[in-house]
Amino acid sequence: MFSDKAINELKEILSSPKKITIISHRNPDGDAMGSSLGLLHLLKQLHHQVVFISPNEYPDFLAWLPNASQTIIFEREYDKALPILQNSDFIFTLDFNALHRTGDAMQKTLETLSNTMIMIDHHQLPDAYSTFTFSDVSYGSTSQMIYDFINAIGYNHLINKDIAACLYTGIVTDSGSFRFPKTTPETHQCVADLISKGINNTEIHNLLFDNSSYERLQLLGKALQNLKVLPQYNASYITLSQDELNQFNYKKGDTEGIVNYGLSIQGVIVTAIFIENKEEGIIKISFRSQGNFDVNEFARNHFNGGGHINAAGGKSFLSLDETVNQFIAILAKEKKQQ
């Protein structure tokens, strides 16, 4: 993944102070925030002028991450973010590999820039927008890639408690607490090193997964009530309407992980959650699968999305009911073609 030529060029680039901006995908998750803030802390130690810009707001359960409060939100702080992007010597794009993943507003801005971009990402089929492309789908998280990137440029000794906490967060969230298939011996070796930097992994896990509000648990209960199983297609799905989100005072991040419940049912190999967002006029979709069912291809072909073989996302501009019906119709068609 990290060619000697590219690493040597970047070591030279990073050897003197630069203006560097880090950006993540829209609706940043634990890996997007963890990898971005972890790299930010490293670059600050190297005396770079570095800023992290997120396309939109990050979830409340990640607000404790070191320096998260200094994140610039592009869609809310456009006038502040635009000159930073325009004047950057280098832009790191982390945890995404296509500019449309930053959302329509930020994509339009990024497409006007001529700045040198550096992609570090683990999703399939990267677009060719970056000067330096570090893309490797064998990784379970971009945060683990950042850890290896830091090692490759010779700065492991600068990984402190803040960097370790950020990278650990990205790894533990994207690996499903180390249970997903891309959790490798190298993942555990990386995590062991991060824990040795002084982080409290138990406390971090509690902050991420055991810190729910009463209303978030009520929303989970409603989602599980809405869970439907399609045994003829070895599938399941969950729906949440805008009214249901409003009923339980939904906050960004409250639906994180709910899709996985649909995959825990015996015999189910593919599941989805459909979440209505009336403000944006879309149905946000998350897909999960087991085995060889490729939800990355499924999302790319049918729902304006993509991701990994067993975890992907997408969106629909139809109504909630129409989107669900489309999902079922596609499953039926694919079963007939088998």
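Two strands are taken to pair if DSSP finds at least two bridges between them. By that rule, in this predicted model, strand S1 (residues 19–23) and strand S4 (residues 90–94) pair in the parallel sense, with four bridges between them. Within this pairing, Phe92 in S4 is the bridge partner of Ile22.

Helix H2 (residues 30–45) touches S1, S4 and strand S2 (49–54), and its direction makes about 170° with that of S2. Helix H5 (residues 142–152) also packs on the sheet, where it touches S4, strand S5 (116–121) and S6, and its direction makes about 115° with that of S5.

| Helix | Strands touched | Angle between directions |
|---|---|---|
| H2 (residues 30–45) | S1, S2, S4 | about 170° with S2 |
| H5 (residues 142–152) | S4, S5, S6 | about 115° with S5 |

The sheet as a whole is open and consists of six strands in the order S3-S2-S1-S4-S5-S6, with parallel pairing. Strand S3 (72–73) and strand S6 (132–135) stand at its edges, and because each has a single partner strand, one side of each is left without a neighbour in the sheet.

Turning to the whole protein, there are 13 helices and 12 strands. The radius of gyration is 20 Å, which agrees with the value near 20 Å that a compact globule of 338 residues would have, and the C-alpha trace spans about 60 × 40 × 40 Å along the principal axes. Of the 338 residues, 52% are buried, while the accessible surface comes to about 15,300 Å², with 47% of that area belonging to carbon and sulfur atoms. Among contacts between residues at least 6 apart in sequence, 65% join residues at least 24 apart.

How values were computed
Residues are numbered from 1 along each chain as its sequence is written. This is a predicted model: local features need pLDDT of at least 70, side-chain atom pairs count only at pLDDT 80 or more; totals for chains, interfaces and linings use all residues. Side-chain values use heavy atoms; hydrogens and water are left out. Helices (H or I, at least four residues) and strands (E, at least two) are DSSP runs, numbered from the N terminus. Contact means heavy atoms within 4.5 Å. Axes are lines fitted to C-alpha atoms, for helices over the stretch in contact, and angles run from 0 to 180 degrees between N-to-C directions. The radius of gyration is taken over C-alpha atoms; the globule rule is 2.2 Å times the number of residues to the power 0.38. Buried means under 20% relative accessible area, exposed over 50%, partly exposed in between (1.4 Å probe, protein chains only). Accessible areas come from the Shrake-Rupley method with a 1.4 Å probe; for residues, only the protein chains shown count as cover.
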